[in-house]
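I began with the placement of the ligand.

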Amino acid sequence: MGLLRGMCCFSKSNISIETKPSNPTLTSTKQLFSNQRLVSTKQPSSIIKELCHHFSLAELQSSTNNFNHSSIIGEGGFGVVYKGHLKQNSAAVAVKRCKKESIFGFSEFKNEVVLLSQLHHPNLMSLVGFCVERNELVLVYEYMSNGSLFDHIHPNKIIRDPLPWKLRLKICIGVARGLHYLHTGLKYAIIHRHIKSRNIVLDHNWEPKISGLFLSKRGPYSMSKSLIRVNSRVMSTCGYSDPEYAATGDLTEKSDVYSFGIVLLEVFSAKSAMDLIKEHLKHKYLVKSYAEEIVDPFLKSKIDPSCWNLFVDIAHRCLVVDGRERPDMGEVEVELEHALQLQEEADSKYEPNANS
Ligand SMILES: Nc1ncnc2c1ncn2[C@@H]1O[C@H](COP(=O)(O)OP(=O)(O)OP(=O)(O)O)[C@@H](O)[C@H]1O
């Protein structure tokens, strides 16, 4: 029963929540940082400057042609994303304007600003700044010219060329590195809670950046060897939610490992997370028993068998029902690197210059 609960969704934004959302009411920018222990002894204005740039609403309106429909590049549960330019001829930025009707509000916005402005890793999205003004919450990110991983593994009218296998593997490795950093690279572990292919965006070099940290939770001291366990309201995205977390409400870093396992299935099958969950249930959670059946037709005969076996094994272990049995992200990262190495070795046997 608990397992099924974790695999269902209820809201229009594809996110299921079991308790009331936070109060989205805004008061002032000062309120934004009032609970931050890191910065609580300083004046709000200097704090903001230290964290990241505070844009005026007028600046962001002008950068997006007054939030013009033609500047829209995407939309999620939290907000509408516009492409903008802060100054003429300057590098592009992605401007996310939070929707008034979103089930998320100020507390999630604050979480994203505080985390992204203090965490730095090549595989984490960079926050350029934010704006809190006249009841508007706006986030400004680096613009990622290749859009989301979701857009590429589920090609649409705009994007038609399927990604080659090795590039898919490299993207998975980058995401594993970013998650490993969140789980163990900081004094306190961060559990992302919202890993999905739409929250993996790709820069011009196809380097993946993890975004959507607004639901993240800070865990206990990350050097402890025990599972990071956090009491929190259950939140999840359809198809990606950890059944154990949904059943018990106990959040651990292994919930991110589970969601990442679903992304791995998406990457080799090009099927949606919801379709994959149905397959997974039908085959009693044994990825190895159905992986061959669902492989993306574009990839058929392009994956080296030893690389394939290892990749499927990693996905399988990430999706084990008992979270304690799942590998940690460090292990996943190393094994994915090994899978890439196996593929490169196999390719170089057939084409000596394949990896140069
Ligand atoms: N920094 C960025 N650069 C370029 N495109 C982006 C950027 N951030 C988001 N996008 C595009 O906008 C779309 C929506 O992003 P958003 O983060 O709002 O959506 P989501 O992950 O589906 O929703 P949510 O995280 O709110 O559940 C993405 O799928 C992507 O195509």
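Entry 1, placement. I found that domain 1 (47–142) and domain 2 (147–350) each contribute residues to the shell around the ligand, so the ligand lies between them. The domain bounds come from an automatic or database domain assignment. The model is a predicted one, in which local features need pLDDT of at least 70 and side-chain atom pairs count only at pLDDT 80 or more, while totals for chains, interfaces and linings use all residues. Numbering runs from 1 along each chain as its sequence is written, and side-chain values use heavy atoms, with hydrogens and water left out.

I listed 23 residues around the ligand, of which E142, M144, H194, K196 and N199 come nearest; a residue is near if one of its heavy atoms lies within 4 Å. By class, I noted 10 nonpolar, seven polar and six charged residues; Ala, Val, Leu, Ile, Met, Phe, Trp, Tyr, Cys and Pro count as nonpolar, Asp, Glu, Lys and Arg as charged, and the others, Gly among them, as polar.

For G77, a polar backbone atom is 3.1 Å from a ligand oxygen. The ligand taken alone exposes 620 Å², and the protein buries 95% of that (Shrake-Rupley method, 1.4 Å probe).

I recorded 26 Å between the centres of domain 1 and domain 2, taken over C-alpha atoms. In contact (heavy atoms within 4.5 Å) are 14 residues of domain 1 and 20 residues of domain 2. The two domains bury about 1,500 Å² between them, 63% of it on carbon and sulfur atoms; this is the accessible area (1.4 Å probe) lost on being put together, summed over both parts. On the domain 1 side, N123, L124 and M125 lose the most area to domain 2, together 34% of what that side buries.

Definitions and conventions. Polar contact = N/O pair within 3.5 Å; in protein donor to acceptor, adjacent residues only side chain to side chain.
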